[in-house]
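Thanks for coming, everyone. Let's take a look at today's structure together.

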Amino acid sequence: MRYLQMLLLTALMIAGTWFAGWMSVPVLAALFALIRRDLHATRDAGLAALLAWLVLLLRLVIVPSFSTLLDQLGQIFPMPGVAVAALSLLLAVVLAASAARLVLGIVGVRPSASA
């Protein structure tokens with residue numbers, strides 16, 4: 001069941017980023033944490049964001065102008081363009097995990113059934 005939720009969250013983050021932009025990632029992660037309310041929600045939201053943006057980034061690799069973009073990013077920033085792309089993946093993880101953790105800090109974790 002948890003893997004199905006992760007797959008659904010990943011698909012929602014892909015669609016949200018595609019249609020609404022990067023701000024949909026923390027919003028969806030916060031909603032996910034609000035619904036799940038367990039200790040693994042932060043990790044799962046970060047992983048879903050990583051997978052979603054990795055899919056979006058891999059989709060861009062097919063486009064021939066993507067290598068030109070990476071070259072130009074490498075000239076703008078003092079690092080290779082591939083590192084800038086990797087940092088964008090890290091941004092997605094940080095956005096999602098911090099939003100989920102903030103929600104869990106505010107609403108708390110649902111008590112376990114065994115307690």
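Start with the loop between α2 and α3, because that is where Arg-37 sits, going by the helix assignment. Keep in mind that this is a predicted model. What is the phi of Arg-37? It is positive, about 50°, although Arg-37 is not a glycine. Most residues other than glycine have a negative phi. How accessible is Arg-37? Its relative accessibility is 24%, so Arg-37 counts as partly exposed.

Now step back to the whole chain. How many helices and strands are there? The chain has five helices and zero strands. Read from the N terminus, the order is α-α-α-α-α. The C-alpha trace spans about 55 × 25 × 25 Å along its principal axes. The chain has 115 residues, and 36% of them are buried.

Next, the salt bridges. Side chains of opposite charge can pair when their charged atoms come close. The count here comes to four salt bridges.

Take Asp-44 and Arg-2 to begin with. Their side chains meet in a salt bridge, at 3.6 Å from N to O. Which helices hold the two partners? Asp-44 lies in helix α3 and Arg-2 in helix α1. Is Asp-44 buried or exposed? Asp-44 is buried, because its relative accessible area is 3% and buried means under 20%. Arg-2 is partly exposed, with a relative accessible area of 36%.

Asp-44 has another partner to mention, Arg-43. That salt bridge is 3.4 Å from N to O. Arg-43 is partly exposed, at 44% relative accessible area.

Then comes the pair of Asp-38 and Arg-36. Their salt bridge is 2.9 Å, N to O. Asp-38 counts as partly exposed, with 22% relative accessibility. Arg-36 is buried, with a relative accessible area of 10%. Which residues end up in one network? Arg-2, Arg-36, Asp-38, Arg-43 and Asp-44 are joined by salt bridges that share partners.

How much space lies in the largest pocket? About 280 Å³. It is lined by 14 residues, and the closest to its centre are Leu-57, Leu-60, Phe-66, Ala-85 and Ser-88. Which elements give two or more residues to this lining? They are α3 (41–61), α4 (65–76) and α5 (81–107). The largest share comes from α3, with five residues. What classes of residue line the largest pocket? Eleven are nonpolar, two are polar and one is charged.

The second largest pocket has a volume of about 160 Å³. Its lining is made of Gln-5, Leu-8, Leu-9, Leu-12, Leu-28, Leu-31, Phe-32, Ile-35 and Arg-36. Two or more of these residues come from each of α1 (2–20) and α2 (24–36). The most come from α2, which gives five. By class, the lining has seven nonpolar residues, one polar and one charged.

Last stop, the surface. Which residues form the nonpolar patch? They are Val-27, Leu-31, Leu-34, Leu-102, Ile-106 and Val-107. Together they have about 560 Å² of accessible area. Both α2 and α5 supply at least two residues of the patch. Look at Val-27, which is found in helix α2. Is Val-27 buried, partly exposed or exposed? Val-27 is partly exposed, because its relative accessible area is 46% and exposed means over 50%.

The chain has five helices and zero strands. One network of salt bridges joins Arg-2, Arg-36, Asp-38, Arg-43 and Asp-44. The largest pocket holds about 280 Å³ of space, and α3 gives the largest share of its lining. And Arg-37, in the loop between α2 and α3, has a positive phi of about 50°.

How values were computed. Residues numbered from 1 in each chain as written. Predicted model: local features only at pLDDT ≥ 70, side-chain atom pairs only at ≥ 80, totals over all residues. Heavy atoms only, no water. 1 Å grid on protein atoms, 1.4 Å probe; cavity = no way out; pocket = protein on both sides within 12 Å on 5 of 7 lines; lining within 4 Å. Points joined across faces, edges and corners; volume = space filled by probe spheres on them. Helix = DSSP H or I, 4+ residues; strand = E, 2+ residues; numbered from the N terminus. Nonpolar A, V, L, I, M, F, W, Y, C, P; charged D, E, K, R; others polar. Patch = residues over 30% accessible without salt bridge, like charges linked within 9 Å, V, L, I, M, F, W, Y side chains within 5 Å. Areas by Shrake-Rupley, 256 points an atom, 1.4 Å probe, with all protein chains shown as cover. Buried < 20%, exposed > 50% of the residue type's maximum accessible area, 1.4 Å probe, protein only.
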